[in-house]
Amino acid sequence: MIKFTVITLFPEAVEPYLKSSMMWKAARKGLAEFELVNLRDFGLGPHKSVDDTPYGGGDGMLLRCEPVFAAVESVKAKDSSAKVILPTPVGEIWNQKLARELAGVLSEPISSASGLEFSSTSYAGPRAESSLRNEPVRAVRNIRVENSNHFTMPRETGSATPAIHYIILCPHYEGYDERILSIVDYKISMGKYVLTGGELPALVIIDSVVRLIPGVLGGEKSAEIESFSEGNNLEYPQYTRPEDFRGMKVPEVLLSGNHGEIAKWRKEHERKA
Ligand code: ADE
């Protein structure tokens, strides 16, 4: 069981994807849990303000500490083990190996910060020693928060506290107060380009991690392939009917029924994701 809490100013942008297809199925099966927290609920003053101008001048508005800390603390009050992910263009570039590590699908044993040893290819939780991890987290101040309308996706089966819980904090506008990094465990980038917010990265992270959770894809086949690929998702060209589409033909060997030859052909045409 893995849980993602997404703290965002735009829950309506995130919700439809989590309510569709495999993410929805994973939630219904009790394999994943999704919670959306509206950062606006923790805003300051009558306008529920969440941002302000930068000290020293400069363009744009920055996310303020108070609403962000309050939102994260409200989640951690229920599960202090939750780790905070900040999507940012200056984080570590997201890849399949990191997805596997966050999913707790490991090929090598690792030691946790608490000294627990996890066995190989197990579902072990987030890595303890990580280049992704931010500097040690400073003491978090207690900030009283008003009741907010948290939205939790319904599940078919009830389950205990999730084994792994990530809070994805979606920054918006032009940036965030640097002190917010003191409560961040992982800084993750989608690539060397700039998006308007953390919502798309949050969905990319969730999708690529949740599909690795055993049982989410239906069979164990895909997870199995990935466990051999050490994070490089091996792929080969695949075809379905018709055999001939507008003159583009399915390679003969795939129609031959010769499994040895088919395996050889696939191996020769493997490409890495
Ligand atoms: N926020 C804005 N741009 C981003 C990127 N490339 N990756 C992650 N978060 C971002």
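Glutamate 35 forms a salt bridge (a side-chain nitrogen of Lys or Arg within 4 Å of a carboxyl oxygen of Asp or Glu) with lysine 3, and their closest N and O atoms are 3.6 Å apart. Because glutamate 35 lies in strand β2 and lysine 3 in strand β1, the pair ties together parts that are 32 residues apart in sequence. Strands (E, at least two residues) are DSSP runs, numbered from the N terminus. Both glutamate 35 and lysine 3 are buried, that is, under 20% relative accessible area with a 1.4 Å probe and protein chains only. The model is predicted, with local features requiring pLDDT of at least 70 and side-chain atom pairs pLDDT 80 or more, whereas totals for chains, interfaces and linings use all residues. Residues are numbered from 1 along each chain as its sequence is written, and side-chain values use heavy atoms, without hydrogens and water.

Glutamate 33 also forms a salt bridge with lysine 3, at 3.5 Å between the closest N and O atoms. This pair links glutamate 33 in strand β2 (residues 32-38) to lysine 3 in strand β1 (residues 2-8), 30 residues apart. The relative accessibility of glutamate 33 is 10%, and that of lysine 3 is 12%. In the whole structure, 11 salt bridges are found.

A ligand nitrogen atom lies 2.9 Å from a polar backbone atom of leucine 195. Of the 260 Å² of accessible area that the ligand has on its own, the protein covers 95%, as computed by the Shrake-Rupley method with a 1.4 Å probe.

Conventions: Polar contact = N/O pair within 3.5 Å; in protein donor to acceptor, adjacent residues only side chain to side chain. Helix = DSSP H or I, 4+ residues; strand = E, 2+ residues; numbered from the N terminus. Buried < 20%, exposed > 50% of the residue type's maximum accessible area, 1.4 Å probe, protein only.
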